[in-house]
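Biologist: Please take one position in this model and look at it closely. Then place it in its chain and go on to the rest.

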Amino acid sequence: MNFWKETVSIFRETGVHFRTGVSYMLPVLLIGGMLGSLAVLGGTDLAEDSIWGVFKSVGTIGLTYFVPIMAAYTAYSICDTPGIAPGFIVGILAQQIDTGYLGALLAGILVGYVTYMLLKIELPEMLQSTWGFLAPVLGTLIIVVFMVYVLGPPIAWLMGVLSDFLSNLGEQGSALMGAVMGFLGGIDYGGPFSKTQSTFATAVMDLDLYVPLGICGSIVTVPPLGLCLATYLKPKLYTKSEREYAKSSWVYAIVGGFTEIVIPLAVGDLLRVTIATALGSTIAGLIAGFFLLELSTPVLGIAQWFFYNKPLVFVACVVIGSVITALTVNLLKSMSNRDIAALDAADAQMNQ
Amino acid sequence: MRIALVTACLAGVAHSKMASMALKKEALKRGHEIAIEEQGGHKVPVKLSPEDIARADVVIIAKMVNISGKNRFENKPILDVSVNKAVINPALIIDQAEALLSSSS
């Protein structure tokens, strides 16, 4: 039946819809976080009418509305433009009934799905265009009732528990959380595991918790910098194309802070490289967690060091993590018998 | 073969670029023509022109997030793949595109 086929095809791509929402939400968070962080320059006691006060309040706008934007574009991913308005409204509702990020995400997916299905109903031509206006209204209504009376209360409870738990972790608990996040961030270079930890870090900003993002920020720079460092320390262990790549990639590590750029350095020798980056990131995360490193701007590069609450801890995390990664990967590689000359020859042949 | 390629990733910084570079290299090596559009949160995409789309024999969409403007490609054979796969194994993707074209023509 067509209905089931559509349903299955929408929910099979839940991950894609979710990530589409995150993709549109990130710039909002970025603007809010950066302007809010700039306000710190004005000191801690801000007058409402000073320019720093304005920055602060603009920052708060970004940090508040990223959740509805995410819900809006999750729905957009499912049913295109008609999904934006319903998604936005249920996203704000989700925030108001204290279900936060998680509630907004679920509501966005559900409202997108319901609106899409309603729009698929076939009507006589005359009614079809009117239905185009009404379907999103009806879809929103259904999900609003569902959220408020069915899904809302248990999620709100869950978010409350999570918030209490994370706020009271203390140093050891945070260190453990940092180690776990570091491990996830170091094993798949921007794949599902890394995205899980970075999404978690941005999600809890909605609960006014900034330690996870601090951890996230310090671990993402470790794999790229560590591997670059490793190629400089022992160039003999790397093929010519890997060395060439490393020469330019460290720049990206500093400005961007995303682990995807190490993929070309990793694919040739995946297991050893992964062990090294996971180890380095885990230790960096552990240190960041223990010192309760906080970051309220999702800009994860070294160039943004001054946004951290403890810049020195951040630098220490990055340096220690990178050095450990570099030494480990070179040790593992020197124990292997990877034939660099043969790989170079193969590369040269391919580029001809 | 003429390819129209759209890549889309979370932030529009890393994966979309890497996928388009990998596929471009592979396509040119085999003597195909390729037109590229990269999408993602932080950039204004350089759009495929209507001529690019009209001329294309096959459309490849390498995505991590849903692309905008999918309705532009109606009536075209579309190959829908994950962006990661395109980065790691571009040759396979181009193989699939070639197979798709020969099966649809």
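Modeller: A residue is called buried under 20% relative accessible area, exposed over 50% and partly exposed in between, using a 1.4 Å probe and protein chains only. By that rule Gly21(A) is buried, with a relative accessible area of 0%. This is a predicted model in which local features need pLDDT of at least 70, side-chain atom pairs need 80 or more and totals for chains, interfaces and linings use all residues, while side-chain values rest on heavy atoms, without hydrogens or water. Residues are numbered from 1 along each chain as its sequence is written, and chains are lettered from A and ligands numbered from 1 in the order written.

Gly21(A) belongs to helix α2 of chain A, residues 14-38; helices are DSSP runs of H or I with at least four residues, strands are runs of E with at least two, and both are numbered from the N terminus. Apart from neighbours within four places in sequence, Gly21(A) is in contact (heavy atoms within 4.5 Å) with Met70(A), Tyr73(A) and Thr74(A). Val145(A) stands 124 residues from Gly21(A) along the chain, and 23 Å separates their C-alpha atoms.

Two aspartates in loops of chain A also deserve a look. Asp80(A), in the loop between α3 (51-79) and α4, has a phi near 60°, positive although the residue is not glycine. Its relative accessible area is 43%, so Asp80(A) is partly exposed. Asp98(A) sits in the loop between α4 and α5 (100-120) and has a positive phi of about 60°, again without being a glycine. Asp98(A) is exposed, at 56% relative accessible area.

Now chain A as a whole. Its secondary structure amounts to 15 helices and 0 strands, and its C-alpha trace spans about 70 × 60 × 35 Å along the principal axes. Of its 352 residues, 49% count as buried. Where contacts join residues at least 6 apart in sequence, 75% of them in chain A link residues at least 24 apart. The accessible surface of chain A (Shrake-Rupley method, 1.4 Å probe) is about 16,800 Å², with 70% belonging to carbon and sulfur atoms. Chain A carries 15 positive and 22 negative side chains, with the centres of the two sets 15 Å apart; Lys and Arg count as positive, Asp and Glu as negative, and His and the chain ends are not counted. Each charge is placed at NZ of Lys, CZ of Arg, CG of Asp or CD of Glu.

As for confidence, the mean pLDDT (the predictor's confidence in each residue, from 0 to 100) of chain A is 81, and 90% of its residues reach 70 or more. Where pLDDT is low, the predicted coordinates should not be read in detail.

Chain B has 4 helices and 4 strands, in the order β-α-β-α-β-β-α-α. Its C-alpha atoms fill a box of roughly 35 × 30 × 20 Å along the principal axes. Of its 105 residues, 47% count as buried. Among its contacts between residues at least 6 apart, 61% join residues at least 24 apart. Carbon and sulfur atoms account for 54% of its accessible surface of about 4,800 Å². The mean positions of its 14 positive and 11 negative charges are 4 Å apart.
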